[in-house]
Amino acid sequence: MSISNVTILTPSVLTLTGIPGLESVQSWIGIPFCAMYLTAVLGNSWLLSIIRSERSLREPMYLFLGMLAATDIALSTSIVPKMLGIFWFHVSEIYFDACLLQMWLIHTFQGIESGILLAMALDRYVAICSPLRHAAIFTQQLVTQIGAVVTLRAAIIVAPCLVLIKCRLHFYHTTVISHSYCEHMAIVKLAAENVQVNKIYGLFVAFTVAGFDLTVITLSYVEIFMAVFRLPQKEARLKAVHTCIPHICVFLQFYLLAFFSFFTHRFGGHIPPYIHILFSSIYLVVPPCLNPLVYGAKTKQIRIHVTKMLCS
């Protein structure tokens, strides 16, 4: 691809527009985003404090839930403060390297969250399909190792996205990103050079992480429900299904929003930009906000400890 006459050599500062087409109401849009962010931070912090303080919640399921809560806090914090700065205070400029860092953090935390959801699905699979072997398989050491592997996998596989932009793309058509945060494809589309490699690697990351995790999670829950419906006692079936409901709710809200955002960014040319960007922003904020509410309402042990804390 030939470089056009009007290009900018690796800009030092980029400009985030927020939500194109909704600039006049962005200050109002910021209010629910702020409320969701506060709910995410406070709810997940409370969840972490309960898991840490209660010895009875040192089981693998709750340890994974603690990892998910910490990831949710980090993910929402990496995007919402800057977004609110754009919406409320018109602080739209961001250094190029800071933008790349935000992009890497956001996609890394997304990958970590996907990996934790996979680990939680496998934990439920072993707990329901092989309950006598669960304690021997999912030891505290294995849970720690899974957390480390999930984190390293996401950080390492996303890092080349940053390197490919920094090392391959030197000329840009514009410094204005029509988005509310620094997203991989939003940055790549600014380039005035051949970006085919960047696009291919972005697809590779999406299908390697989300595609693999989604496939294994789906197969795990298919096996779980087949095992559940073979149980002779109705009470046992209901208990097993009730245990899985919070995980399925979190799993669905995360992946449905994720794939909507992913495919509309690449193939949704007919969708108005403000709809895509609004949903992309919601996708990163809503799951961290809802996760503590879902697990707090649907998990009996956590619900009991929350009631105790409120009563005391």
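Student: Which residues does Ser220 touch, not counting residues up to four places away in sequence?

Tutor: Happy to start there, with a predicted model in which local features need pLDDT of at least 70, side-chain atom pairs count only at pLDDT 80 or more, and totals for chains, interfaces and linings use all residues. Residues are numbered from 1 along each chain as its sequence is written, and side-chain values use heavy atoms, with hydrogens and water left out. Ser220 is found in helix 8, where helices (H or I, at least four residues) and strands (E, at least two) are DSSP runs numbered from the N terminus. With contact meaning heavy atoms within 4.5 Å, Ser220 touches Ala121, Leu122 and Tyr125.

Student: Is Ser220 buried or exposed?

Tutor: The cut-offs are under 20% relative accessible area for buried, over 50% for exposed and partly exposed in between (1.4 Å probe, protein chains only). Ser220 has a relative accessible area of 6%, so this residue is buried.

Student: How many Å separate the C-alpha atoms of Ile217 and Leu118?

Tutor: Ile217 also has its place in helix 8, and it is buried, with a relative accessible area of 1%. Leaving out residues up to four places away in sequence, Ile217 touches Leu117, Leu118, Ala121, Phe251 and Tyr255. Ile217 and Leu118 are 99 residues apart along the chain, and their C-alpha atoms are separated by 5.7 Å.

Student: At what angle do helix 4 and helix 8 pack?

Tutor: Two packed helices are described by the angle between their axes and the distance between the axes. Axes are lines fitted to C-alpha atoms, for helices over the stretch in contact, and angles run from 0 to 180 degrees between N-to-C directions. For helix 4 and helix 8 (residues 196–228), the axes are 9 Å apart and the angle is about 20 degrees.

Student: Is helix 4 roughly parallel or roughly antiparallel to helix 8?

Tutor: Angles under 35 degrees count as roughly parallel, over 145 as roughly antiparallel, 65 to 115 as roughly perpendicular and the rest as oblique. The packing angle here is about 20 degrees. That makes helix 4, relative to helix 8, roughly parallel.

Student: How many residues of the contact of helix 4 with helix 8 are nonpolar, polar and charged?

Tutor: Helix 4 contributes residues including Gly111, Leu118 and Arg124, while helix 8 contributes residues including Asp213, Ile217 and Glu223. In the classes used, Ala, Val, Leu, Ile, Met, Phe, Trp, Tyr, Cys and Pro count as nonpolar, Asp, Glu, Lys and Arg as charged, and the others, Gly among them, as polar. The residues of this contact divide into 16 nonpolar, 4 polar and 3 charged.

Student: Which cysteine does the disulfide join to Cys99?

Tutor: A disulfide is taken as a pair of cysteine sulfur atoms within 2.5 Å, and a search of the whole structure finds 1. Cys99 lies in helix 4 (residues 96–129), and its partner is in the loop between strand 5 (176–177) and helix 7 (184–188), so the pair ties together parts that are 83 residues apart in sequence. At an S to S distance of 2.0 Å, Cys99 is joined to Cys182.

Student: Is the disulfide of Cys99 and Cys182 left-handed or right-handed?

Tutor: Cys99 is buried at a relative accessible area of 1%, and Cys182 is buried at 0%. The torsion about their S-S bond is about -115 degrees, so the disulfide is left-handed.
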